[in-house]
Amino acid sequence: MLVLLPPSEGKTPPSIGDPVDLSLLSHPELADARRRVGDTLAKVSAQRNAVSVLDVGASLAGDVARNTSLWSNPTAPAGQVYTGVLYDAAGMATWDAATLSRAADRIRIVSALWGAVSPADLIPAYRLSMATSLGRIGGLASFWKRHLTGPLAADADGGLVVDCRSSSYVAAWRPTDSPWVSVKVLRELDGKRAVVSHMAKHTRGLLAAHLVAADACPETAQDLADAAAGMIGHALVDVGLSPSAKGPDELTLVIAG
């Protein structure tokens, strides 16, 4: 089983730690691609129009400025650096060594800067979205699509891929030789079900933590649905599975309104 997560927009800059060592990250074969994106990001972030190029608000100018010293900034495990709703729900920053070790095998965070990392990989905080067109590199989803196919296919190794990513990150790699399931979240209120956004991230985080904590790894979409059903009564009120002839099957997690 391979669980794919998006990065969080919110990140906590480590206060101590060595600079990133690209050779020690998961998939060291991506080092040259990571170096190219990082060098370009640092250069673009030093420009006067950096905030508009990176499509962020003026309040995030400090995050953009931090990009300029990317290669010398301190690092921490990615599960601690990413601090958005999904990661908070998963409690990833507090995972013990055994859980992080399982996560290093089962989880990949698809990143506009790193391509793909595990929660245990040591990275600095940064500001960059997969939707960005970055200097001469161009669109980052297209750039990473050329580099991620081999590494992530090897990670999946024909096994189940559980996809919790948003659309811009899905564009960077789509499984072709593995059973693939996307995760949808609905809220049930007064007998009616509707799509949610904030709570969708929260619920996907709970699912990721549930799957990493489990001893057994689901091998099929139905196995995944059965595993998710273990969350009914705690985080969920229902679980559904919709097979698809094209693209991923869809796992629906239903939360109470």
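Predicted model: local features only at pLDDT ≥ 70, side-chain atom pairs only at ≥ 80, totals over all residues.

Visitor: Why are α1 and α7 called roughly antiparallel?

Guide: Helix α1 (residues 31-45) and helix α7 (residues 140-156) pack at an angle of about 165°. Angles over 145 degrees count as roughly antiparallel, and therefore α1 and α7 get that label. Their axes are 11 Å apart, and the crossing of α1 past α7 is right-handed.

Visitor: Which residues make the contact between α1 and α7?

Guide: From α1 there are Ala33, Arg34, Arg36 and Val37, and from α7 there are Leu140, Phe143, Trp144 and His147. By class, this contact has 5 nonpolar residues, 1 polar and 2 charged.

Visitor: What makes the pair of phenylalanine 143 and tryptophan 144 edge-to-face?

Guide: The planes of phenylalanine 143 and tryptophan 144 stand at 80° to each other, and planes over 60 degrees apart count as edge-to-face. The ring centres of phenylalanine 143 and tryptophan 144 are 5.1 Å apart, and the limit for a pair is 6.5 Å. Phenylalanine 143 and tryptophan 144 are both buried.

Visitor: How many aromatic pairs are found in the whole structure?

Guide: The search gives 5 aromatic pairs. Ring pairs also join Trp71, Tyr82, Tyr87, Trp114 and Tyr126 into a cluster.

Visitor: Why are α6 and α9 called roughly perpendicular?

Guide: The angle between helix α6 (residues 97-106) and helix α9 (residues 198-213) is about 105°, with the axes 9 Å apart. The range for roughly perpendicular is 65 to 115 degrees, so the term applies to α6 and α9. On the α6 side, Thr99, Arg102, Ala103 and Arg106 meet Leu211, Val212 and Ala213 of α9. The residues of this contact comprise 4 nonpolar, 1 polar and 2 charged.

Visitor: Why does aspartate 55 count as exposed?

Guide: Exposed means over 50% relative accessible area; aspartate 55 has 69% relative accessibility and therefore counts as exposed. Aspartate 55 sits in the loop between α2 (50-53) and α3 (61-67). Although not a glycine, aspartate 55 has a positive phi of about 55°.

Visitor: Why does aspartate 190 count as exposed?

Guide: The relative accessibility of aspartate 190 is 74%, so this residue counts as exposed under the cut-off of over 50%. Aspartate 190 belongs to the loop between β9 (180-189) and β10 (192-195). Its phi is near 55°, a positive value in a residue other than glycine.

Definitions and conventions. Residues numbered from 1 in each chain as written. Heavy atoms only, no water. Axes fitted to C-alpha atoms, helices over the stretch in contact; angles between N-to-C directions. Helix = DSSP H or I, 4+ residues; strand = E, 2+ residues; numbered from the N terminus. Parallel < 35°, antiparallel > 145°, perpendicular 65-115°, else oblique. Left-handed = near helix turned anticlockwise from the far one by under 90°. Contact = heavy atoms within 4.5 Å. Nonpolar A, V, L, I, M, F, W, Y, C, P; charged D, E, K, R; others polar. Phe/Tyr/Trp six-rings, centres within 6.5 Å; stacked < 30°, edge-to-face > 60°. Buried < 20%, exposed > 50% of the residue type's maximum accessible area, 1.4 Å probe, protein only.
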